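Open the complex in your viewer and keep a selection tool at hand. The stops below each say what to select and what is there.

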Amino acid sequence: MSAYTARFRVWRGDAEGGGLKDYDVEVNDGEVVLDIIHRLQATQATDLAVRWNCKAGKCGSCSAEINGRPRLMCMTRMSVFTRDETITVTPLRAFPVVRDLVTDVSFNYAKAREIPAFVPPKGVAAGEYRMAQVDVERSQEFRKCIECFLCQDTCHVVRDHEENKGAFAGPRFLMRVAELDMHPLDAAAADGGPTRAESAQDDHGLGYCNITKCCTEVCPEHIHITDNALIPLKERAVDRKYDPLVWLGSKIRRRGQ
Amino acid sequence: MATGTTSSTPSSTPPGTPPSTSPAGPARIAHGVGSPGRAAISAPHLRTDRWWLPPLVSALGLAAFIGYSTWRAFANTHYYAAPYVSPFYSPCLASNCTDMNGGADWHLFGNWWGLSPALLVLIFPLGFRLTCYYYRKTYYRAFWLSPPACAVAEPHASYTGETRLPLILQNIHRYFFYLAVVVAGILSYDTVLAFRDPHGNWGHAGLGTLVLLVNIILIWAYTLSCHSCRHIIGGKLRHFSAHPVRYRMWGWVGVLNGRHMLLAWSSLISVGVADLYVYLVSSGAFDDPRFF
C-alpha cells in the first residue's frame, strides 16, 4: 500500500447557495474521510467549515453524507473506496446548512426538550433508586446513542417532508421515549395521565414512522432502533389505544385494585 | 396535527427551520432535500452504490408469490393428493372441498359458498403478512417507494405514514398473529396426517411429508418471531425480574425475531413450494417418492 491521490467533491456554500467543488487530495494508509477533509482544510481550502471533535466515533460531531449515505466522517475508512472512485462529501441534507459541511441541528435540541424527563416514583429520593439489571438492560442499549443525528437525517419522514418536522420527533427521540417507557422506575403515568407510549403516539408522531429501518441502517453505534425501540413502542401504543382486549383487561385490573 | 409539545418553542417552527430566502438553483426541487435553507444540491440523492437492487429484488419476489398464490387460490383444483393437503386449502371451511380423509374439514360456510375454499382461509395468513413489520418495511420501500432506499428521496409530495386510515389499521397486527397461530396449528395437524400412506395407514412417509414438515417448521418459526409475539410474550413488561419465565421466553423469541426477515422469506417460499408439490403430485406430473 502507498499514498495516492483521491478525487473528492465537497459541497461548499451556505444557506444562500453553493455547489460541489472538485479537489485532488493525498491519501495515506489507514486514513479516514475526516483525515482527508482536514488535509484539504490545511492545504487547498483553508476556509472549509467542518464540525468535528473526538475523531473516535464517540462525540457524534462529524456527521455528513459520503457518496450520498449519512455517515460519520471519522469512522469511514478510505480503504472502503476504490482508488479511482470520486468521493462526494456533503452536509446532512435534512437540516438547514450553516456553511460548507456544517448544518444547523437545533431541530433536534427542540425535539429533545419536548420529551418530559424521567419522573421518579413518589417517596423515592435521588440516590435511593434500586433496579435489577435485567430490568434496565433494554434501556441501556439506547443509552449508547452519541446523538450524531444520522438517524434523524436519514429518516424520510422529515428528510423528504419539511412540513412534518413540527409533528414528528424522529427516531432518536422516539427511542428516548421508549427508553423511559421501559424504565422500571419511571412514574410519568403514575397519576393516571397518559403513558409514555400514548404520548409517543399523540404528541411525538410515532404513527408517522413506517418502520423502514433506515435509522437502524445508519446508526454508528449499531443500536437496533427499529426492532428494539420503535416497534416495541408501537406495540405499547397499541396496548393503550387500539387493542380493546388489553384496554378492557387493564380497566378490570384497575378496578380490582 | 398532533404536536402536544411541552416546549416553549412553537412546534410549527422549531429552531433549525430554514430561512425564507431561497438558494435554489434552476433545477432544484422545492421540497424535501430541496427545501429552502438546506444545502443547494439539485440531485435527489447522491448514492453511488446499487441502492435500487434490494427493493427491486423484493418487488420481483413478492410479485412472483402474489401471482402464483392468486392463481392457485382461485384454481380450486389439485390441492389434495392423499395424504397431503396444500397449505393454501387447509382448513376447508366450505362444503365444496375434495374429501381429505381425516383432514381439517370444517364446513362452517356450508354449501352456499361457490368460490374456491382457499379464499376463506388465505385471508388470515395474508392479513398476518400484510401487517407484519418486516413486510411493511419491504413493500413500503419496494412498491410505494416511501422511501425506495435510505437517503434516496421519495417521489411523494406529502406523507402521513400510519397516522390515519387506511394505514392506521396496521395496528391490528397482533390479532392476525393470534389467527396465524391457529392456522399454524391446523397446518401442524396436516403435517402429522402426512405420516400416513395414501390409504390412511400410519407410520409412513414420503418426500411430501418432508416438504410439509420443513414448511411447518418455517411457518412456526416465522410466526413466533413476530414482533407482536415478542411484545405479548414479555416485551410489554417493565419488570422482567418479577417474571423470570416470561423473560426467558422473551429472550428466545428475541433470537428468532433477529432472523425475522430470513424467516419471512423462507416461510413464504416454503409455503409456495409445499403447495406446488401437492399440485404436481395431485395433477399426476410425478409420483410422490415414498421413504417407508
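Select B:Cys229 to begin: with a relative accessible area of 3% it counts as buried, the term meaning under 20% relative accessible area, with exposed over 50% and partly exposed in between (1.4 Å probe, protein chains only). The model is predicted, so local features need pLDDT of at least 70 and side-chain atom pairs count only at pLDDT 80 or more, while totals for chains, interfaces and linings use all residues. Residues are numbered from 1 along each chain as its sequence is written, chains are lettered from A and ligands numbered from 1 in the order in which they are written, and side-chain values use heavy atoms, with hydrogens and water left out.

Next select A:Cys74, which is buried at 6% relative accessible area. Its sulfur lies 3.6 Å from that of A:Cys62, the closest cysteine sulfur, and this is again too far for a bond.

## Disulfides

A disulfide is counted when two cysteine sulfur atoms lie within 2.5 Å. Two are found over all chains.

Select A:Cys214 and B:Cys150: their sulfur atoms are 2.2 Å apart and form a disulfide. A:Cys214 lies in helix α8 (residues 214-218) of chain A and B:Cys150 in the loop between α3 and α4 (173-193) of chain B, so the pair joins two chains. Helices here are DSSP runs (H or I, at least four residues), as are strands (E, at least two), numbered from the N terminus. The S-S torsion is about -95°, so this disulfide is left-handed. Both A:Cys214 and B:Cys150 are buried.

Now select B:Cys92 and B:Cys97, a disulfide with its sulfur atoms 1.6 Å apart. Here the S-S torsion is about 95°, so the disulfide is right-handed. B:Cys92 is buried at 0% relative accessibility, and B:Cys97 is buried at 15%.

## Helix α1 of chain B

Select residues 53-75 of chain B. This is helix α1, with 23 residues. From first C-alpha to last it reaches 33 Å, close to the expected 33 Å, taken as 1.5 Å times one less than the number of residues. Its buried residues include B:Pro55, B:Leu62, B:Tyr68 and B:Arg72. The buried residues pack against α2 (118-130), α3 (133-142) and α8 (260-282) of chain B. Just after the helix, B:Asn76 has a positive phi of about 55°.

While there, show B:Trp71: B:Arg72 lies over its face, 5.8 Å from the ring centre. A charge sits over a ring if NZ of Lys or CZ of Arg is within 6 Å of the ring centre and within 35 degrees of the ring normal.

## Aromatic cluster

Select B:Phe128, B:Tyr134, B:Tyr135, B:Tyr175, B:Phe177, B:Tyr178 and B:Tyr222, which form one aromatic cluster. Rings of Phe, Tyr and Trp (its six-membered ring) pair if their centres lie within 6.5 Å; planes under 30 degrees apart are stacked, over 60 edge-to-face, the rest tilted. B:Phe128 and B:Phe177 have ring centres 6.3 Å apart and planes at 40°, so the pair is tilted. B:Phe128 is in α2 and B:Phe177 in α4 of chain B, 49 residues apart. Both are buried.

Methods
Contact = heavy atoms within 4.5 Å.
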